[in-house]
Every structure is written in structure tokens, then in C-alpha cells.
Amino acid sequence: MRRALVERISARRQLSDAVAAAMYKVPRHVFVPTASLEEAYANDTVVTRRDDTGIATSSASAPWLVGQMLDQLQLQPGMRVLEIGAGTGYNAALIAELVGPTGHVTAVEITPDVAADARKALATIGATNVEIVCGDGEYGHPQAAAHDRIISTAGVWEIPDAWAEQLSPEGVLVAPLRMRGLTRSVAMTREAGVWRSHSTVTCGFMPIRGKGEMPERNIRPAEDLFVRFDDGQDADALALAQAAASPGRVDWSGVLIDRSLELLDFYLAELDGFCRVLASPSITERGLAEPVNDWGSMGAATDEALGYLTKRTCLDNPYLYELGVCAYGPRAAAMLADLTERVHRWDRDRESITGVRIEIHPPGQGEMADALMIADKRRSRVVVRPVRQESK
């Protein structure tokens, strides 16, 4: 089953030989004992703990994402690695396999019973070069520094100073960086006080807990609708409920898509009230437009309007979709215009932009002229720049 899983991942996403070999060897089911074998070796997240409201608080990340992030980390035998967020221990086991018996892994986990379960699973497979430390990942683990690599497996709102101090000068940090509700796994190095990315992978992670946490806020304006804000944004829950209950409008953009909407979210992120809109299928039964993805859509929510992306099958080609925007509330027309303008701007640029480069500067610094997005935080400024295709 391990081999079949790796083959499924490799069929869609390239894995290095070393990471593929580690995933062949490490038995994932040992780290998710409450899951069936089919669930353990599906290419999907396995939730291992939930809070009293049913929200997931711990999980084993989807194997495809685990593999991509390990390749971002560029591990070599003999390296010393710090992992922030041990979780089930599966990721630490893979890292231990990749750095070999001369390397060492320290995984910091804030929740004592999660740490205990990870230790038990690692002992079951005989991993001897891994230490699970119970503590707040904000402070890293100075006793084992300097680390050749640091990886976080929880969504990071801001890079802690301790990580920069404990990473070796040539070291690589891989972290799921949260930016106004968007998350990218960013592989980066630091020079002259500035973190600069080498690669990015679109992903989603539960927010880090502890001193460095910035909790997301979930508002439920309707039974089948959640609106999720990040970066300390807020909104009036009653006003959102009133907007969602009003008749909505849908405008079709004329923009056709046949592949992912990669980078479109960065074009929306500067909107006031930028958020993630999550909806259940029943939303269409009461006349609201279905969000563009199965999980929902990026959009914006203010006291007077709620808007997000939708789609429909192209009338002339069943293999294409047309992007649309929908909005509800007293200022729905203005919201539609803002969303549509950004969709068209993305459509004009999407053939020439191949990705993004992410920089983390000290607060108030960083050239902003060509930025797709700027996110000012307490101790830093995140600048996202487009990577454009070279002219022939």
C-alpha cells in the first residue's frame, strides 16, 4: 500500500528519489492508528483530534504535501533538523530516514498527549535519531542548535526571531506562511535580515499555537456558510448574516478556465474584508451561488456585502468553465465590480506570470513597486512579487 501511495503521488507531482524511498519505507498507518488502512494510505489528510465543537486540532497532513515540503527542505545525510509541530510523528520519521543515523531530528510539540503519541509511534518503528520535545515552538530548541534545517508543520503568521537565531547561516527554513488568509509552504533562506523564497507550494494548515499564534476567526452567517478571517481581521457577524439572507446577484466574467486558479487569490487579497468563504452543497438549495471550489472560495466580506467566486460549465465547451462573481447585501453591486475587475486583471496576466517570490522584511521595509500583495505584520512586512516568464 505504501508503494501504491507513492506511485499515486508521483503520477501527478514529482518526488525526489530520496523522498520517495523514505515514503516507501516508513509505515504511515503506525502514526494514525485510529484510521483504517485505506484511510492511512489515501493521499489525503487524516484528522486525529478534534475539539468540543468538532474543529480539527491535530492531523496527519496529506502525503502529497508532506513529500513536496520534504523536497523543499533539501535534506542530506547527517543534517540536524528542527521540526515545529510534531503532530503524529510521521513527518519526523521521514526526516529521520532522510538524514540517516548520523543526522538528528528534534520535533517540538505543544500538546503533551500529542507528543506522547508521537513518541510511542516512533518507538514502534525503531526510530532512534528523533527526539520529541514538549514545548512552544515559538522558541525553537536552542539546546540542539545550530540547526541545518527548520520545518514547521503548522500555519505560521510570523517567523519567530528564535528560528532565525537557531538556523545555521546556510540553512533552509520551510514554513506554511499565512498572508491575509492565504497560505503557501515557503522554502527560504535569510541574508542581511531578509528572508527570501526559493520555492512555494499552495497548501493549508491549522494555525500554530502558543505565543506566536494569530487565531483565525470563523463567522457563521448562515447554517450552510462559514466566513473565515485571518491576520486579525474582523467583521460584524449580524451584518454578515443579514447580507447572506438578502437576494444575491451573479455576474459572469467571460473568463474561461480549464486548469487551476493558481495566483488568482493574490489578486483578490488586497480587497477590504478579504476572507475565505466555506459552504456546504445545500447552499444552492436556498438559491445562493455555489463557490468555485468544493471547499469554498476566496472572497470578501464587509458590513454591507459578502462576495466570492463561482463558476458554470461553458455553454460552448463542456470541458471549460466560466468564472463568475456573486455578491449579497446592500453594496452587492460595488462588491461585484471589485471582484470582477480583479478576475480580469488576473486573466490578462496569467500567461506571463509563472509563480511568485516571497520576501519577509523588517517592518516598514522592502521595495513595494512591483508587489502583487503586501502584508504588514507586528514585526515584519511580507512582500509577494510576481515571477514573470522571460520574453523570447
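This is a predicted model: local features need pLDDT of at least 70, side-chain atom pairs count only at pLDDT 80 or more; totals for chains, interfaces and linings use all residues.
1. Seven strands form an open sheet, and their order across it is β10-β11-β13-β14-β15-β16-β12. The pairing is antiparallel. As background, strands of a sheet pair through backbone hydrogen bonds, either parallel or antiparallel.

2. Which strands are the edge strands? They are β10, residues 217–222, and β12, residues 248–257, and each of them pairs on one side only. As you step from one strand to the next, the twist averages 30°.

3. For a look at one pair, find β13 (residues 274–279) and β14 (residues 296–301). They pair in the antiparallel sense over five bridges. Within this pair, V277 stands opposite S297 in β14.

4. Now turn to the helices. Helix α8, residues 237–245, packs on the sheet and touches β10, β11 (225–229), β14, β15 (306–313) and β16 (321–328). The direction of α8 makes about 40° with that of β10.

5. Helix α10, residues 332–349, packs on the sheet too, with β12, β14, β15 and β16 as the strands it touches. The direction of α10 makes about 155° with that of β16.

6. Finally, how many cavities of 30 Å³ or more does the structure hold? There is one, and the largest cavity has about 30 Å³ of space. Its lining is made up of E138, V156, W157, E158, P160, W163, I208 and G212. By type, five of these lining residues are nonpolar, one is polar and two are charged.

Note on methods: Residues are numbered from 1 along each chain as its sequence is written. Side-chain values use heavy atoms; hydrogens and water are left out. On a 1 Å grid over the protein atoms alone, a cavity is a set of points where a 1.4 Å probe fits but cannot get out, and a pocket is an open set with protein on both sides within 12 Å along at least five of seven lines; lining residues have an atom within 4 Å of a point. Grid points are joined across faces, edges and corners, and a volume is the space filled by probe spheres set on the points. Ala, Val, Leu, Ile, Met, Phe, Trp, Tyr, Cys and Pro count as nonpolar, Asp, Glu, Lys and Arg as charged, and the others, Gly among them, as polar. Two strands pair if DSSP finds at least two bridges between them. Helices (H or I, at least four residues) and strands (E, at least two) are DSSP runs, numbered from the N terminus. Axes are lines fitted to C-alpha atoms, for helices over the stretch in contact, and angles run from 0 to 180 degrees between N-to-C directions. Contact means heavy atoms within 4.5 Å.
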